[in-house]
Amino acid sequence: MLNYVFKRIFSALLAVIILITATFFLMHMVPGSPFLSERMTDSVKANLEKKYGLDKPLTTQYAIYLKQLSQGDMGTSLQKKGRTVTGIIAEKFPYSAKLGLFAIILAVAIGIPLGAIAAIKHEKMIDRLVMLFTTVFISIPGFVLGTLLLVIFCAILKIAPATWSDSPANYVLPVISLSFYPICYITKLTRSSMLETLGQDYIKTAHAKGLSAFVVNFKHALKNSVIPVISYVGPLTAFLITGTFAVEKLFSVPGLGRFFVDSVSNRDYPVIMGTTIFLGCIMVLMNLIVDFIYGMVDPRIKLR
Amino acid sequence: MNNTEEKMSKVSLRLNPLSMHVNPNLFVPASDEEKEELVVIRQGTSLWRDAMRRFRKNKFAMVALVLIIILFLFAFAGPMLSHYDYDQFNQGQEDQNPNWTHPFGTDRFGRDLLVRTMYGARISLSIGVVAAMLTFVIGSLYGSISGFVGGRTDNIMMRIIDVLYSLPDLLVVILLSATLKGPLENILQNSKVFSGISELGPAFFSMLIVFALMYWGTMARIVRGEVLRIKEQEYVLAARAMGANGGRIIRRHILPNCIGPIIVTTTLQIPAAIFTESFLSFIGLGISAPLASLGSMVTDALQGVYSFPTRVVFPSVIIALIILAFNTVGDALRDVLDPRMKK
């Protein structure tokens with residue numbers, strides 16, 4: 001067990017280091033300069049580059065960046081003058097986090113019961129309906145669904161707010177478009193896992209000793225069927241954070257995902273670095289935590 | 001049959017039933033007639049024939065297959081039937097809603113949206129298929145080497161995939177496609193070798209490189225797992241005991257037995273690649289003007305979404321249909337090709 005923990009943490013750390021290094025060098029390979037868009041003379045540009053340390057060799061810049069990063073300093077934005085990257089992340093991330101959190105809650109709250117019901121009513125009408133529904137909606141990318149929702153509710157029916165004002169109504173459509181894919185996935189996962197559990201001997205035993213169908217299905221079977229769902233929540237967090245890139249743009253949410261995409265096109269080096277490292281660490285960490293929980297919840301899984 | 005029965009009846013008549021004597025008549029060589037009867041009349045069914053038969057029984061999959069053919073015709077033969085070109089500005093016909101001359105309407109430059117949707121579908125389908133082929137080649141080579149060689153090599157090769165998997169893939173994909181776009185643009189413009197394909201644009205190739213770099217891990221893991229499993233099977237041992245060499249074992253026993261999962265993974269890679277492509281184009285890092293991609297068409301249409309909602313609908317529906325069709329066929333293939341799925 002301890003061996004496994006070390007191995008996983010090592011692999012996660014390695015991934016973070018590779019991510020930082022790769023991002024740094026990739027980003028500087030991008031042709032074009034952050035100061036290209038502004039009209040300025042060569043000497044002004046050279047001065048600016050000197051100020052931000054962009055005139056030094058890449059490896060030196062890398063070393064400086066790592067040193068600053070270890071002190072929690074991610075530098076300042078090149079586009080938004082005077083704003084620190086940490087400050088921008090602190091301002092933007094809560095929107096993305098709220099969006100993602102609501103979507104996860106919605107996905108789990110709908111997906112697990114739906115999958116369980118489909119499995120209990122296996123091969124019945126309701127099962128077929130659920131399967132049809134999930135198969136169709138699992139194929140619709142979040143941004144496509146979001147676009148269609150936008151057309152229907154904002155453009156045609158005009159009942160959803162068209163501009164961002166951080167009111168609860170603003171969250172409805174983005175959360176729905178973010179959570180549809182996870183809902184379908186969790187439903188499928190729960191259904192197939194539940195079907196397998198329902199065929200087990202201990203379920204027969206539970207029925208035989210006279211327990212009610214409800215207790216057997218929801219206490220004995222469901223409890224043992226949700227384990228694959230736990231392992232999906234890690235990648236799900238990653239999906240929701242990345243999924244927000246498009247959805248935030250679509251519904252003009254002032255979140256981190258949209259800001260990241262903008263900073264990539266603006267070549268705002270410190271912001272790209274900061275955001276990538278921040279999001280990357282969250283994803284790696286989530287996967288790590290879920291892996292450990294997975295092993296603890298189900299004693300049948302031996303961590304190696 | 002008659003022959004045997006006759007013999008049996010003779011035996012029972014002549015001998016005491018309790019006698020322990022062995023009747024030599026029962027051990028005479030079989031006649032040709034008898035041998036004939038023992039030949040199995042029904043033809044053996046191969047994995048493929050069996051899979052095809054069960055695939056055809058799946059109505060959803062057949063519908064999806066037909067849908068894929070229609071989509072390919074739409075994307076590759078469709079533009080030939082139209083009078084318009086994807087980058088042709090039709091003056092005086094700007095901002096039209098769907099009508100008979102322009103079934104999907106026109107955009108603010110007067111470009112015919114039906115043709116643009118067809119070209120977008122063409123780009124999405126091409127990227128999907130080529131990306132799936134790339135992951136197939138890289139993944140199955142890497143996986144089979146890792147599985148065959150085993151030991152420490154296998155361990156190191158799999159750790160590399162683990163690290164690749166702990167990287168947040170979309171972040172890397174976004175960074176990579178932003179990075180590769182510029183250098184590729186130079187290469188495509190300056191070199192004569194690529195002049196024929198340069199009109200596809202740098203984004204097309206940068207996306208392919210991204211897929212080739214990032215998404216072969218799943219395939220490699222699956223192939224390695226299959227190779228490891230099959231390598232230890234009794235029939236491989238039996239083949240080896242009968243003197244088959246390594247090459248024959250690979251060709252006759254290992255490859256045919258892991259081809260199922262490989263096909264399934266490749267098929268399911270197509271919608272995944274199309275998904276990523278349209279997503280990247282949607283956020284403005286993929287295919288860009290004047291070329292059309294389904295994702296970038298949705299973005300373009302969003303600017304006028306309040307006046308022309310239909311513009312958004314057509315490309316969105318086509319993306320969803322493509323992904324749905326490939327997913328359905330992939331799932332059906334998994335059902336028929338995976339022996340563990342047999343009931």
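Follow chain B along its sequence and you get the pattern α-α-α-α-α-α-α-α-α-α-α-α-α-α. In other words, chain B has 14 helices and 0 strands, where helices (H or I, at least four residues) and strands (E, at least two) are DSSP runs numbered from the N terminus. Keep in mind that this is a predicted model, in which local features need pLDDT of at least 70, side-chain atom pairs count only at pLDDT 80 or more, and totals for chains, interfaces and linings use all residues. Residues are numbered from 1 along each chain as its sequence is written, while chains are lettered from A and ligands numbered from 1 in the order in which they are written.

Now for the packing. Of the 343 residues in chain B, 38% are buried (20 or more other C-beta atoms within 10 Å of the residue's own, with C-beta atoms placed from the backbone). Take contacts (C-beta atoms, placed from the backbone, within 7 Å) between residues at least 6 apart in chain B: 68% of them join residues at least 24 apart. B:Ile322 shows some partners from beyond four places in sequence, among them B:Leu71, B:Ser124 and B:Ile274.

Next, the meeting of the chains. The contact takes 41 residues from chain A and 34 from chain B. On the chain B side, the elements giving two or more residues are helix 7 (151–166), helix 8 (169–190), helix 12 (246–282), helix 13 (294–302) and helix 14 (310–337). Helix 14 of chain B supplies the largest share of that side, 9 residues.

Conventions: Two residues are in contact if their C-beta atoms, placed from the backbone, lie within 7 Å. A residue is buried if 20 or more other C-beta atoms lie within 10 Å of its own, exposed if 12 or fewer, and partly exposed in between; C-beta atoms are placed from the backbone.
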